[in-house]
Amino acid sequence: MGTSADYHTEKRVVDHSSPTTAKPPTVSPLVDVMQRSALVALTFLAVAYAQQAGTQTAEVHPPLTWQTCTASGSCTNVAGKVVLDANWRWLHTTTGYTNCYTGNTWDTSICDSDESCATACALDGADYTGTYGITATGSSLKLDFVTASNVGSRVYLMASDTEYEMFKLLNQEFTFDVDVSTLPCGLNGALYFSEMAADGGMSTQPNNKAGAKFGTGYCDSQCPRDLKFINGQANVEGWSGDSNSANSGKGSNGACCNEMDIWEANSMAAAFTPHPCAGDGLQVCTGDACNGGTAGLCDPSGCDFNSFRMGDETFYGAGLTVDTTKPFTVVTQFLTSDNTTTGTLSEIRRLYVQNGQVIQNSKVNIPGIDPTFDSITDDFCTQQKTAFDDTNTFAQQGGLKQMGASFAKGVVLVLSIWDDYAANMLWLDSDYPTTSPATNPGVHRGNCATTSGVPADVESQSGSAAVTFSNIKFGPIGSTFSGGSGSPPPTNPTTPPTTPPSTPTNPNPPSATQTHYGQCGGTGYSGPTVCASGTSCQKLNDYYSQCL
């Protein structure tokens with residue numbers, strides 16, 4: 001790996017059942033340290049395994065309204081719900097209310113094998129607002145960072161009380177509003193998709209009695225080993241507590257699957273990142289081999305677009321082009337090679353809307369990378385990996401084609417708030433890795449200090465932080481948003497790269513030809529209106545036309 005490798009840690013928690021009485025535990029996050037060794041896949045037979053559901057606390061899923069839209073821009077409300085991930089839940093004996101897991105270890109006097117713990121222990125219902133700081137109101141979902149002694153949360157969007165909503169993203173766009181104004185350095189309000197089973201695994205795990213109703217079946221491209229259950233089986237064998245957390249641990253097994261990070265952000269920095277995996281659905285790995293490398297099943301580092309990291313330091317932040325002191329709209333478009341829902345994924349584009357104005361994504365300003373890039377394509381990823389001296393595991397795991405295959409099967413929406421026990425979130429908002437000079441391409445990712453993001457500091461000093469996601473919309477390209485054309489993003493960062501690009505950062509002045517998929521018209525728009533050869537300007541709504 002090159003010195004600026006982007007192995008980052010993500011979205012982890014382990015429930016720590018510290019109480020010995022019949023009440024839900026407090027929880028705090030766990031972040032797996034990324035490994036760089038070979039990955040071995042296992043197959044688990046659902047014969048004597050189980051995953052039980054408790055009854056001490058009624059499981060009532062908070063309602064969350066979202067919308068599906070048509071090509072004409074007409075949107076219809078969908079009565080969705082959210083469910084708390086299984087790892088946050090109180091885990092107790094099926095015959096009583098003794099904790100199966102306390103601190104950062106399993107109680108091996110109750111059970112000491114993956115089979116016996118799956119049979120002997122049950123997940124229970126959750127007090128969403130009181131214990132976990134999760135509040136759903138209409139189309140808005142607020143996730144508090146610290147609630148009493150609970151830290152962070154992770155939820156999934158449901159289609160019913162027993163199944164997750166499945167999104168097929170090819171040739172579609174996904175839009176939401178977000179408020180990150182209270183998220184400081186070291187915090188992450190994340191929205192992403194994982195290739196989980198719609199029922200949480202129940203159909204392939206006959207003895208899994210909990211399922212999606214209790215938030216089971218999680219997996220992602222980091223192949224997390226902190227999960228207490230994988231494929232309906234416990235993860236107790238080989239479990240060890242983390243040395244840097246009294247509440248976190250990991251077992252021998254991990255859960256790998258394709259992951260699309262739509263949004264990993266705080267008020268200082270933001271990134272969107274596809275993470276392909278070579279296989280389909282949840283794959284089980286074992287031991288230290290679970291976390292990637294060239295021999296792994298997944299690409300844990302992914303191919304990210306962080307505007308700051310890509311050379312525009314004036315685009316995203318307080319008072320900048322995308323002003324993080326106020327709510328804004330995030331639009332992500334998943335374009336295919338033939339502009340159909342069955343085509344091959346070829347590009348992932350990003351737009352923002354704030355104060356009624358559409359804001360184009362920033363351009364790249366990094367030596368060695370085409371300065372016309374403002375989206376994620378396989379070409380962009382190849383050039384980025386070369387410029388940052390990173391191994392291109394993104395391409396090795398199938399790149400956008402493999403990511404698109406995951407989208408075609410359907411993926412589950414995940415929303416979370418978390419802090420980072422392994423890397424202090426420096427991979428998102430600071431200089432990372434800290435052992436490399438900040439002047440190396442790709443190392444400087446945000447203006448947060450390298451001493452920031454320590455979980456103990458963030459939890460004590462920013463406990464009142466929260467992220468609010470709202471107005472989720474899904475539909476054909478151009479159907480989920482409107483607005484005039486905002487001012488173009490700044491063409492040069494505050495601190496220029498060591499070697500400036502040989503071509504202008506902004507190659508599209510108003511008289512120029514617009515690139516494929518770029519904006520070419522709309523109310524208030526003043527940019528290029530002539531499309532590149534092979535494309536034409538197509539009106540998507542009164543405020544936005546695009547070269548297709």
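This is a predicted model: local features need pLDDT of at least 70, side-chain atom pairs count only at pLDDT 80 or more; totals for chains, interfaces and linings use all residues.
**Disulfides**

A search of the whole structure finds nine disulfides. Three of them are set out below, with the sulfur-to-sulfur distance of each pair.

| Pair | S to S distance |
|---|---|
| Cys-100 and Cys-121 | 2.1 Å |
| Cys-185 and Cys-448 | 2.0 Å |
| Cys-223 and Cys-256 | 2.2 Å |

The disulfide of Cys-100 and Cys-121 links distant parts of the chain, 21 residues apart. Cys-100 belongs to the loop between strand 7 (91-93) and strand 8 (101-102), while Cys-121 is in strand 10 (residues 121-123). The link is left-handed, with -100° about the S-S bond, and both Cys-100 and Cys-121 are buried.

For Cys-223 and Cys-256, the torsion about the S-S bond is about 125°, so the disulfide is right-handed. The pair links distant parts of the chain, 33 residues apart: Cys-223 is found in the loop between strand 18 and strand 19 (229-230), and Cys-256 in strand 23 (residues 253-256). Cys-223 and Cys-256 are both buried.

**Salt bridges**

Side chains of opposite charge can pair when their charged atoms come close. The whole structure holds eleven salt bridges. In one of them, Arg-89 pairs with Glu-59, and the closest N and O atoms are 2.8 Å apart. This pair links distant parts of the chain, 30 residues apart: Arg-89 is in the loop between strand 6 (75-84) and strand 7, and Glu-59 in the loop between strand 4 (52-53) and strand 5 (63-69). Arg-89 counts as buried because its relative accessibility is 0%; Glu-59, at 13%, counts as buried too.

Another salt bridge is formed by Arg-309 and Asp-304, with the closest N and O atoms 2.7 Å apart. Both Arg-309 and Asp-304 are buried.

Asp-374 forms a salt bridge with Lys-363, where the closest N and O atoms are 3.3 Å apart. Asp-374 and Lys-363 each lie in the loop between strand 31 (357-360) and helix 3, so the pair ties together parts that are eleven residues apart in sequence. Asp-374 is buried, with a relative accessible area of 7%, and Lys-363 is buried with 14%. Salt bridges that share partners join Glu-347, Arg-349, Lys-363 and Asp-374 into one network.

**A buried lysine and a buried valine**

Lys-385 lies in helix 3 (residues 378-387). This lysine is buried yet has no salt bridge. The nearest side chain of opposite charge, Asp-390, is 4.7 Å away, and a salt bridge requires a distance within 4 Å. The side chain of Lys-385 does reach the backbone oxygen of Gly-302, at 2.6 Å. Beyond its neighbours within four places in sequence, Lys-385 is in contact with residues including Ser-301, Cys-303 and Phe-394.

Val-353 is placed in strand 30 (residues 345-354) and, at 9% relative accessibility, counts as buried. The C-alpha atoms of Val-353 and Asp-177 are separated by 9.0 Å, although the two residues are 176 residues apart along the chain. Apart from its neighbours within four places in sequence, Val-353 contacts several residues, among them Phe-328, Val-358 and Phe-481.

How values were computed:
Residues are numbered from 1 along each chain as its sequence is written. Side-chain values use heavy atoms; hydrogens and water are left out. Helices (H or I, at least four residues) and strands (E, at least two) are DSSP runs, numbered from the N terminus. Buried means under 20% relative accessible area, exposed over 50%, partly exposed in between (1.4 Å probe, protein chains only). Lys and Arg count as positive and Asp and Glu as negative; His and the chain ends are not counted. A polar contact is a pair of N or O atoms within 3.5 Å; within protein, one must be able to donate a hydrogen and the other to accept it, and residues adjacent in sequence count only if both atoms are side-chain atoms. Contact means heavy atoms within 4.5 Å. A disulfide is a pair of cysteine sulfur atoms within 2.5 Å.
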